[in-house]
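Please walk through this model one region at a time.

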Amino acid sequence: MVTAGFLVVSSETTRSEGESAGLWSAQALAPVPYLSPSRDSESGFVHPGVLVQSDQLDFAIGKVRAGEEPWYSAWLTLQRTRYGQLSWQARPLASVDCGFYSRPDTGCTQQTEDAVAAYAHALLWFFTRDRRYAEKSIEIIDAWSGVLKRHTNTNAPLQAGWSGASFVRAAELIKHTYPGWRPDRLARAERMFRDIYLPLVMGGINRYRAGNWELIMLDAAVSIAVFLDDRAVFTRAVEMWRKRLRAYVYLTTDGPVPKAPAGESFTRSQIIEYWGGQTRFVDGLAQETCRDFLHTGWGLAAAAHVAETAWIQGLDLYAEARQRLTRAVELHAKYELGEPVPPWLCGGRLQTGLDPLPEVAYNHYSTRMGFTLPRTRELLEADRPAGANFFYAAETLTHAGNPR
């Protein structure tokens, strides 16, 4: 039964406590009621509407129930991941102190992992309607909102981006599909996002900080704005995203060298230094390509996350970013697949290991819009299903081949 977009959970929708969580067959995934989206009358935002929305998840549920790939394997992966176990215990701290490369790591890893676990359980709730998953997601968020006071040290903005992006996806999905979150605890989570997270993720980054930082921070900021129905923050964060993406992925239309980050006036030599010593610039090259593909993958994924949330909310950032994002994923996919590196590119050596898989961007441009991205498709088909870490989880399940 669905009431005002919520599922009223009866005892028949839960499994006995003696059943082993995370080990049942995907073929046994029971039919679940459709949970209709809602629209806030003041902000105009659609809910749930952070990275995923009801129609999109309903499509994926149908694919899993039919046993179709890659959704079936992605569903099993979500069930079996350590992040999706009902035994998960939150490990909150009042002060999370994170230096470069998480040294020191005082609560950094445990906060990021707890945030991914909260989102994994929120997805498991939506797919199964087993209320224990919703309650576990709430338990994790409540644990942190009850004690967290600050993020400190050099990595504080990035840490807030990583954990905030996953926490708020979970909070958005639970808030708008499950009626059991206590109003006072929900309000406490809202205060955490507004008072502790937003100042950091909207605060920008220092002059030479890697561009993936701000894109991840803006992933969290745009998502928090939707969750809080704050149109003003959403608008500011989107404008920051536009400027950062132009300074992160190069197009020849930018001129002979890439654009400097917003508010900066880099000389040519400073741009070259910032881009890892690269002196020849081609379409799709990223500011961190010559650093490694891991951090580049983070930047591209975060950029796509912002565009996806905006798409759900009726703003087509994908259209204005099409050349940058499609050229970037194709360029990096071909070298990830082993194409020889030319001597002019990063001295002829690349540190590959692109992560996460570019499921979100590929789904929009290929599935929804019909553009051909052959190298990206080859990479995805070779490496699916996508995993979970830092600020992403289950994107093959939620976004692969999804026209919604």
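S223 sits in helix α7, where helices (H or I, at least four residues) and strands (E, at least two) are DSSP runs numbered from the N terminus. This is a predicted model, in which local features need pLDDT of at least 70 and side-chain atom pairs count only at pLDDT 80 or more, while totals for chains, interfaces and linings use all residues. Residues are numbered from 1 along each chain as its sequence is written, and side-chain values use heavy atoms, with hydrogens and water left out.

Is S223 buried or exposed? S223 has a relative accessible area of 1%, so this serine counts as buried; buried means under 20% relative accessible area, exposed over 50%, and partly exposed in between, with a 1.4 Å probe and protein chains only. Leaving aside neighbours within four places in sequence, S223 is in contact with V50, V168 and T309, contact meaning heavy atoms within 4.5 Å. S223 and A310 stand 87 residues apart in sequence, and their C-alpha atoms are 9.1 Å apart in space.

In soluble globular proteins, nonpolar side chains tend to be buried together. A nonpolar core is here a set of buried Ala, Val, Leu, Ile, Met, Phe, Trp, Tyr and Cys residues joined through side-chain atoms within 4.5 Å. The largest such core has 135 residues, and W75, F127, F167, F193, W241 and F391 are those that touch the most other members. Helix α3 (residues 108–128) supplies the largest share of this core, 13 residues. For F391, not counting residues up to four places away in sequence, the residues touched include W162, R169, D219, W298 and H305.

Helix α3 itself is mostly covered, with 19 of its 21 residues buried. From first C-alpha to last, α3 reaches 30 Å, close to the 30 Å expected at 1.5 Å a residue; the expected span is 1.5 Å times one less than the number of residues.

The next topic is empty space. Rolling a probe the size of a water molecule over the atoms shows where empty space is left. On a 1 Å grid over the protein atoms alone, a cavity is a set of points where a 1.4 Å probe fits but cannot get out, and a pocket is an open set with protein on both sides within 12 Å along at least five of seven lines; lining residues have an atom within 4 Å of a point. Grid points are joined across faces, edges and corners, and a volume is the space filled by probe spheres set on the points.

About 370 Å³ of space lies in the largest pocket. Its lining has 21 residues, with Y101, A210, W213, R291 and H295 closest to the centre. Two or more lining residues come from each of α5 (156–175), α7 (211–227) and α10, and α10 gives the most, with three. The pocket lining divides into 12 nonpolar, six polar and three charged residues. In this division Ala, Val, Leu, Ile, Met, Phe, Trp, Tyr, Cys and Pro count as nonpolar, Asp, Glu, Lys and Arg as charged, and the others, Gly among them, as polar.

Some backbone details remain. The peptide bond from R103 to P104 is cis, with omega near 5°, and P104 is in the loop between β5 (95–98) and β6 (105–106). The bond from R384 to P385 is also cis, with omega near 0°; P385 lies in the loop between α13 (374–383) and α14 (395–399). That loop also contains A394, whose phi is positive, near 60°, although A394 is not a glycine. A394 is buried, at 9% relative accessible area. N153, likewise not a glycine, has a positive phi of about 80°, and is partly exposed at 40% relative accessible area.
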